[in-house]
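The sequence and the structure are shown first.

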Amino acid sequence: MLSLQLTKVVALAAALFGTYVLFNPQTFQVLSASISLEATNALLMIFVSVLVLVVASYSHRNLQGQPRLTRFGTLLTVALLGLLVMVSAGTLVQFALGWTLSGQATASLIAHANDPAARRAARYVRTWLST
């Protein structure tokens, strides 16, 4: 349950940060990584964050009391962070890193149901992502 709460906080913070960047676009360097924060990036950051916030809120109610709730929340947070890296990437390498991180987390979220069909679907997604 704590991890879904963390997901909601991260999504809300990213949406607020995206709103700030929307009105103050800039590009800056952080540890030799270029982060591009322009109007388009900010709109995508807000959209992704609000979408994940809705998914986290729904999942919190839907998965209440299930033993794998913490794993689901952690994977959703990792997927959100990967998407935010991808959206704000200033270089192709950072974009690829965000793509890979969010893709692997999404594949793990698909396999979250832990039945044969979900595992097959997750294998297919992982194969598709690696080609």
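## Packing of α2 and α3

In this predicted model, the axes of α2 and α3 come within 10 Å and cross at roughly 175°. Angles over 145 degrees count as roughly antiparallel, and the two helices α2 and α3 are therefore roughly antiparallel to each other. On the α2 side, the contact is made by N41, L44, M45, V48, S49, V52, V55, A56 and S59. On the α3 side, the residues are L69, F72, L76, L80, L83, L84 and V87. By class, the residues of this contact are 13 nonpolar and three polar, with no charged residue.

## Overall arrangement

The protein has five helices and two strands. Read from the N terminus, the order of the elements is α-β-β-α-α-α-α. Of the 131 residues in the protein, 39% are buried. Among contacts with a separation of 6 or more, 62% are between residues 24 or more positions apart.

## The largest pocket

The largest pocket holds about 220 Å³ of space. Its lining consists of F47, V48, L51, V52, V55, F72, L76, A79, L83, T106 and L109. Two or more lining residues come from each of α2 (39-62), α3 (69-87) and α4 (92-110). Helix α2 gives the largest share, five residues.

Which classes of residue make up the lining of the largest pocket? There are 10 nonpolar residues and one polar residue, and no charged residue.

Is S49 buried or exposed? The relative accessible area of S49 is 0%; the cut-off for buried is under 20%, so S49 is buried.

Apart from neighbours within four places in sequence, S49 is in contact with A11, A14, A15, L80 and L84.

With a relative accessible area of 7%, L76 is buried. Leaving aside neighbours within four places in sequence, L76 is in contact with L4, T7, V52, V55, A56 and L109.

T70 and L4 are 66 residues apart along the chain, and their C-alpha atoms are separated by 7.2 Å.

## S108 in helix α4

S108 has its place in helix α4. This residue is buried, with a relative accessible area of 12%. Not counting residues up to four places away in sequence, S108 touches R71, L75 and R126.

How many residues apart in sequence are S108 and L76? They are 32 residues apart in sequence, and the C-alpha to C-alpha distance is 9.4 Å.

Definitions and conventions:
Residues numbered from 1 in each chain as written. Predicted model: local features only at pLDDT ≥ 70, side-chain atom pairs only at ≥ 80, totals over all residues. Heavy atoms only, no water. 1 Å grid on protein atoms, 1.4 Å probe; cavity = no way out; pocket = protein on both sides within 12 Å on 5 of 7 lines; lining within 4 Å. Points joined across faces, edges and corners; volume = space filled by probe spheres on them. Helix = DSSP H or I, 4+ residues; strand = E, 2+ residues; numbered from the N terminus. Nonpolar A, V, L, I, M, F, W, Y, C, P; charged D, E, K, R; others polar. Axes fitted to C-alpha atoms, helices over the stretch in contact; angles between N-to-C directions. Parallel < 35°, antiparallel > 145°, perpendicular 65-115°, else oblique. Contact = heavy atoms within 4.5 Å. Buried < 20%, exposed > 50% of the residue type's maximum accessible area, 1.4 Å probe, protein only.
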